[in-house]
Amino acid sequence: MIQHYQQQLAELKAQNQFRQLPQLIHQGRFIQREGKTMLNLSSNDYLGLANHEGLRQAFFAQYQDHLPAFTSSSSRLLTGSFPIYDELETLMAQAFGRESALLFNSGYHANIGILPALADKKTLIVADKLVHASMIDGIRLAQCEFVRFRHNDYAHLEQILQKNDRTFERMIVVTESVFSMDGDCADLNQLVALKQQYPQVMLYVDEAHAIGVLGENGLGLAEQQGCLEQIDILVGTFGKALASMGAYAVCDQVIRDYLINKMRPLIFSTALPPLNVAWTHFLFQQLPHLKAERTHLVSLSQHLRQAIVDIFNVLMPSESCIVPYILGDNALTVKTAQRLQQQGYYCLPIRPPTVPKGTSRIRFSLTADMSFAEVDQLIACLQDFAE
Ligand SMILES: *Cc1c(COP(=O)(O)O)cnc(C)c1O
């Protein structure tokens with residue numbers, strides 16, 4: 001029995017695809033591994049809030065000795081719903097200018113729960129080729145018809161919608177707003193325009209990498225592109241820029257009610273700890289005041305993207321703080337990542353099947369607590385490699 005699994009693991013090792021949990025020690029925006037301290041260029045803590053001592057202290061000062069509970073002890077439908085949940089949902093619905101919001105335990109829970117709840121045999125899900133694994137898993141669980149459109153290719157999407165227009169009662173178009181491996185963005189207004197031509201289309205947009213980072217108030221790409229009200233189901237996570245844990249959807253009240261009745265990961269899992277939701281609530285309130293962080297992150301990212309193009313003359317799909325350096329070759333990518341780590345930069349090689357064949361890359365993820373000097377040092381290091 002166990003030999004089967006051993007063999008499978010041996011194969012992974014032979015293909016250089018064996019995964020292990022790294023042993024890391026965190027020190028602010030630095031990470032220590034095997035005694036070596038490196039700038040963490042692989043974190044999703046885009047606003048640099050995870051290590052913000054001032055915010056942490058302000059949060060604890062607000063509660064003093066009356067900290068919210070460390071557990072909800074039950075699903076929200078039983079006894080696990082606390083007032084802080086409703087407060088955060090109300091705050092978010094107001095901020096987004098929508099009827100309602102609903103919280104989930106994680107982005108993964110959201111994506112594997114919402115799609116199966118909303119889709120049935122008369123539903124077609126049409127997803128961007130590059131959507132996150134959690135949405136793919138959600139689509140699999142939905143057991144409905146499913147087609148993918150070429151990445152950000154809305155002419156292809158329209159062909160698919162046209163072709164299936166009469167066959168399905170509902171079509172759910174699924175995309176990310178900022179894509180996690182290329183750092184490029186969807187054109188949400190174009191998707192909204194398409195949706196308006198097809199009354200049976202609903203838009204499902206995952207803002208995991210954009211919430212907190214984009215938009216005047218940090219509400220994401222839909223805010224930046226001015227279409228918050230037109231996205232039927234706008235999903236995001238709290239585990240990235242919001243330095244917490246959990247996820248949300250903002251949507252119409254009917255959809256919220258429907259999810260509460262039909263969404264299995266919401267119904268059958270213990271709700272987030274109230275302490276955690278209170279922390280998210282506290283940080284969400286800070287979002288409008290973090291413009292300086294967002295602006296700094298935009299300049300830092302622009303600087304690194306331009307430098308990579310100038311030095312290596314490579315493709316640069318990114319428009320965000322996720323900055324890929326696409327080398328193509330697997331072995332070269334692994335070797336370059338190792339060299340960067342030796343130089344004090346914690347960045348990781350990303351290879352197929354996570355990204356398409358021939359596009360192996362190093363994925364730099366910048367955060368607002370980094371300085372220009374630090375990014376300049378990284379650029380100097382890349383320059384050395386090129387020579
Ligand atoms: C990280 C991520 C998720 C998962 O969110 P978690 O809260 O970490 O479970 C979902 N979608 C996208 C696009 C992500 O990048």
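Helices and strands in these entries are DSSP runs, helices having at least four residues and strands at least two, numbered from the N terminus. I am working from a predicted model.

**Entry 1: the annotated domain**

I looked up the UniProt record, an unreviewed entry, which places the feature "domain: Aminotransferase class I/classII large" at residues 37–380. I then took the secondary structure over residues 37–380 and found 42% helix and 18% strand.

I turned to strand β5, residues 123–128, and asked how many of its residues are buried. The count is 6 of 6, and I note β5 as mostly covered. I checked each face separately: Thr123, Ile125 and Ala127 are buried on one side, and Leu124, Val126 and Asp128 are buried on the other.

I next asked which strands pair with β5. Strand β7, residues 170–176, pairs with β5 in the parallel sense over 5 bridges. Within this pairing, I recorded Val173 of β7 as the bridge partner of Val126. Strand β6, residues 145–149, also pairs with β5 in the parallel sense, over 5 bridges. Here Ala127 has Arg148 of β6 as its bridge partner.

I repeated the check on strand β4, residues 100–104, where 5 of 5 residues are buried. Both faces are covered. Ser100, Leu102 and Phe104 make up one side, with Ala101 and Leu103 on the other. In which sense does β4 pair with strand β10, parallel or antiparallel? I found the antiparallel sense, over 5 bridges, with β10 spanning residues 247–251. Leu102 has Ala249 of β10 as its bridge partner.

**Entry 2: helices α12 and α14**

I looked at helix α12, residues 291–312, against helix α14, residues 372–386. Their axes come within 10 Å and cross at roughly 10°. Angles under 35 degrees count as roughly parallel, and therefore I describe α12 as roughly parallel to α14.

I listed the residues that meet across this pair. From α12 they are His296, Ser299, Leu300, His303, Leu304, Ala307, Ile308, Ile311 and Phe312. From α14 they are Phe372, Val375, Asp376, Leu378, Ile379, Leu382, Gln383 and Ala386. By class, I noted 12 nonpolar, 4 polar and 1 charged residue in the contact of α12 with α14.

Technical notes. Residues are numbered from 1 along each chain as its sequence is written. This is a predicted model: local features need pLDDT of at least 70, side-chain atom pairs count only at pLDDT 80 or more; totals for chains, interfaces and linings use all residues. Side-chain values use heavy atoms; hydrogens and water are left out. Axes are lines fitted to C-alpha atoms, for helices over the stretch in contact, and angles run from 0 to 180 degrees between N-to-C directions. Angles under 35 degrees count as roughly parallel, over 145 as roughly antiparallel, 65 to 115 as roughly perpendicular and the rest as oblique. Contact means heavy atoms within 4.5 Å. Ala, Val, Leu, Ile, Met, Phe, Trp, Tyr, Cys and Pro count as nonpolar, Asp, Glu, Lys and Arg as charged, and the others, Gly among them, as polar. UniProt positions are given in the numbering used here, feature names are shortened, and annotations may be inferred rather than shown by experiment. Buried means under 20% relative accessible area, exposed over 50%, partly exposed in between (1.4 Å probe, protein chains only). Two strands pair if DSSP finds at least two bridges between them.
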